[in-house]
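Dear colleague,

Please find below the structure that I am handing over to you. My notes on what was found in it follow directly after.

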Amino acid sequence: YNILESINWHARAIKANEISAMVEALGHFLRITLDKSRKLFTLSEEMDLVHYYITIQQIRFQDQLQYEETIDPDVLSASVPKMVVQPLVENAVRYAVESSLDLCRISVIISRAGDDLQIDVENSGSQFESDLLEKLQNAQIAPHGFGIGLINIQERLQLTFGRQYGLTLFNRNGCAVARITIPFRPYENKGV
């Protein structure tokens with residue numbers, strides 16, 4: 001953190017504001033991700049991770065990346081496993097933005113669906129192969145790169161909340177959608 005802060009101060013001194021913003025976002029991102037004291041976060045904290053990550057990527061890709069979110073404010077106190085939304089946003093950047101010169105739109109839409117919390121990460125510029133998650137889990141497709149991350153997210157969600165919950169991958173209106181469905185539970189800090 002001290003090294004990152006030194007880089008940040010140097011960037012500010014030479015008026016490299018974009019580098020300063022990236023270093024600050026990276027510092028915050030690392031501080032949260034390296035904290036092993038809790039496995040569950042509030043949705044608000046998880047979205048902070050997304051915001052730090054997107055700050056870096058929007059500076060990197062400039063006008064090629066458009067990020068938007070629609071979040072019901074009543075769900076920000078929901079309990080979610082750490083690092084489940086941000087990796088899906090990272091996947092969208094990797095497979096939609098990095099592999100194209102066209103504008104890519106990434107949207108995060110979060111709301112309650114009855115007693116459940118529904119989190120959609122949608123992106124233009126790529127599509128999911130039919131039954132991708134099942135094919136990865138059944139070793140019909142060798143997981144490489146982010147395939148391992150998708151399996152990891154699915155397993156963590158199901159271990160935490162039960163087999164009826166988890167990750168669903170589908171396409172809607174020409175966009176790839178990764179949907180997390182978990183029970184809506186207000187966050188209680190129990191150190192786990």
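Helix H2 (residues 17-33) has 17 residues and should span 24 Å at 1.5 Å a residue, which agrees with the 24 Å between its end C-alpha atoms. The expected span is 1.5 Å times one less than the number of residues. Helices (H or I, at least four residues) and strands (E, at least two) are DSSP runs, numbered from the N terminus.

The model is a predicted one, in which local features need pLDDT of at least 70 and side-chain atom pairs count only at pLDDT 80 or more, while totals for chains, interfaces and linings use all residues. Residues are numbered from 1 along each chain as its sequence is written, and side-chain values use heavy atoms, with hydrogens and water left out.

The axes of H2 and helix H3 (residues 43-61) come within 9 Å and cross at roughly 150 degrees; axes are lines fitted to C-alpha atoms, for helices over the stretch in contact, with angles from 0 to 180 degrees between N-to-C directions. H2 is therefore roughly antiparallel to H3 (angles over 145 degrees count as such). On the H2 side, the contact (heavy atoms within 4.5 Å) is made by Glu18, Ala21, Met22, Ala25, Leu26, His28, Phe29, Ile32 and Thr33. H3 contributes Leu49, Tyr52, Tyr53, Thr55, Ile56 and Ile59.

The buried residues of H2 are Ser20, Val23, Ala25, Gly27, Phe29 and Thr33. Here, buried means under 20% relative accessible area, exposed over 50%, and partly exposed in between (1.4 Å probe, protein chains only).

**Two loop residues**

Gln62 lies in the loop between H3 and strand S2 (65-71). Although Gln62 is not a glycine, its phi is positive, at about 50 degrees. Its relative accessible area of 41% makes Gln62 partly exposed.

Asn173 sits in the loop between strand S6 (166-172) and strand S7 (175-183). Asn173, also a residue other than glycine, has a positive phi near 50 degrees. With 75% relative accessibility, Asn173 counts as exposed.

**The protein overall**

The protein has 6 helices and 7 strands, which run α-α-β-α-β-β-α-β-β-α-α-β-β from the N terminus on. Of its 192 residues, 45% count as buried. Among contacts with a separation of 6 or more, 68% are between residues 24 or more positions apart.

With kind regards

Technical notes:
Parallel < 35°, antiparallel > 145°, perpendicular 65-115°, else oblique.
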